[in-house]
Every structure is written in C-alpha cells, then in structure tokens.
Amino acid sequence: MRYYELRRSPGHRDPTYSGGYEGRHQWGLPGAVCPTCHGEWATLGLDYPAVDLSSLPIEREYRKARQTMWDEYARLRDAVLPLLPAGALVAPGTHLGPLVGRARGNLPPVVLQESWRLLVHGDVLKQLEDARLTGVTPVEARISGSKRGPLYELALMPQGRLAPECQLRFYGSGPCATCGEQEYDIPEPWWIDATNPPSLDLVRFAVMPTFILASERCVEVLGELLTLSGVIAVEVPTAPPLGPHRGVQP
Ligand SMILES: [Zn+2]
C-alpha cells in the first residue's frame, strides 16, 4: 500500500474557495521548560479533538495556552492520560477537544489550513465513510459561519516509522533525566519502513506529527476534491530516492 503526505498548495486551490477560519482547540497541555536540560518543549500536530475534558475537576487549567515548568506540565499531562486513546503520543503542546472558532469566506471541501490539521465538510466525510476508509474519526468542529455546512476535524492516530537505514540522529549523552527528551535530527533523505506500514487509511506520521499520511485509496476517494481545495498528495518514499524529486499525484 502506498502512502501520500497531504500537503498544502494554496496555488492549486480553486479561487472560489478563498476562505479560511480562525480557531483553537478547547483545551491543551502547556508548553514546558525543563529545569535540568533547559529545553523548551512544544510539539505541533499532536491534536486529539475527540478527547473531552469537561468532566475533569481541573478542566479550567487546560483552557489557556501557555508555557510552564516541567513539573506542572507533568501534573497536567498525568491527569489526562486516562482520557486519551490507546496509542496516543503526548508531549508539551498537545491539543485536546474540539476546535472552536469562526469561518470567513468560502471554505473548500477539504480544509488543510495547517498541514497537521485536517477538516472536511459533511459531504466529503460521507464519501470517506461510504468508501469504508479506516482511521476516519470525525469530531464536529465548533467553527461557526461555514457556508457549506458543519466542519468535521478528523482525529488522527500517530502511526508509521522510519526505515532502519534512516533513523533519527540523537545529540548528547542520552535522554534528560527529568523530561526524558533529547535533541535529534531527522536524516535527509528519509523514507518510511515499508515492513511496518500504517494500518489505517488516514494517520498522523508518528515520527513527524505535522505530516498527515493518506493511503493510496484515500487519495483516490478524495480525488479532485483535494485539488479544488489546494491540497496535493505527495508520495511518501519507501526506499532511498533515485532522483532529486518525490512523486506528486495527481
Ligand atoms: Zn530535560
């Protein structure tokens, strides 16, 4: 099964759909500063819109985006771990709960305003569901004013690995004793481990959470809707590149 990275390409977008939205998730974990390694940690793309904190007694502490010391972050993280789906990756800056905000102008059928956040309108969701694609977990966004109807954020699970030949390059003597973090580089070029591919049609790349990966079938089902929406599907390599460019579909 081939996988494609969904990538923003505003130049391809049908000019009819020039709208956008402003919004943020209802809750989140703060960014964190570690007193031991002095790292300031915040990860983009770890969004779990289906997680509902409203029954948590300390729910209010998750409403404001901010940066805290590591201990405070760890306390807030530990309190929500039981509410997260199995297999979730959690890090400082994780977002939780539905998107809340408002639309302006005419939004496209598929909304990839940030590369790591995939929203679709109801008609597109129906196509994905009718095709029985896996990994499609819609959460209705509280984005008001969308002319095409309600918007659904797709809650994505982190999956996928780098191939053994192109693993992360870590710096320093090992993970920090306090936060467990360690600085690293992702080698270039990289390719995914074809022997452990994602098991779902739509996932977040666990190594780089800002990358949304869609199966070949998912890209086929979405077809023209992607192009109209200013989204291109770039094939994710499963082997070292032969030439300087990665394949683009369509
Ligand atoms: Zn640390």
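Which residues does Leu154 touch, not counting residues up to four places away in sequence? Select Leu154 in this predicted model and look around: Leu118, Val120, Val136, Thr137, Pro138 and Leu202 are the ones it touches.

Now widen the view. Leu154 belongs to the largest nonpolar core, a set of 54 residues.

Next stop, helix 1. Show the side chains of Trp70, Tyr73, Leu76 and Val80, which are its buried residues. Turn the view until you look down the axis of helix 1: those buried residues fall within an arc of 130°, so they line one face. An α-helix has 3.6 residues a turn, so residues three or four places apart point the same way. For the face turned away from the buried side, select the exposed residues Asp71, Arg75 and Asp78. Then bring up what covers the buried residues of helix 1, including strand 3 (31-33), strand 6 (67-69) and strand 7 (95-104).

Finish with strand 1, residues 3-8. Strand 1 runs antiparallel to strand 17 (residues 212-215), joined by 3 bridges; pick Tyr3 and you'll find its bridge partner Ser215 there. Strand 18 (residues 231-235) is also antiparallel to strand 1, with 5 bridges between them. There, Leu6 has Ala233 as its bridge partner.

Notes
Residues are numbered from 1 along each chain as its sequence is written. This is a predicted model: local features need pLDDT of at least 70, side-chain atom pairs count only at pLDDT 80 or more; totals for chains, interfaces and linings use all residues. Two strands pair if DSSP finds at least two bridges between them. Helices (H or I, at least four residues) and strands (E, at least two) are DSSP runs, numbered from the N terminus. A nonpolar core is a set of buried Ala, Val, Leu, Ile, Met, Phe, Trp, Tyr and Cys residues joined through C-beta atoms within 7 Å. A residue is buried if 20 or more other C-beta atoms lie within 10 Å of its own, exposed if 12 or fewer, and partly exposed in between; C-beta atoms are placed from the backbone. Two residues are in contact if their C-beta atoms, placed from the backbone, lie within 7 Å. The arc is that of the directions from the helix axis to the C-beta atoms.
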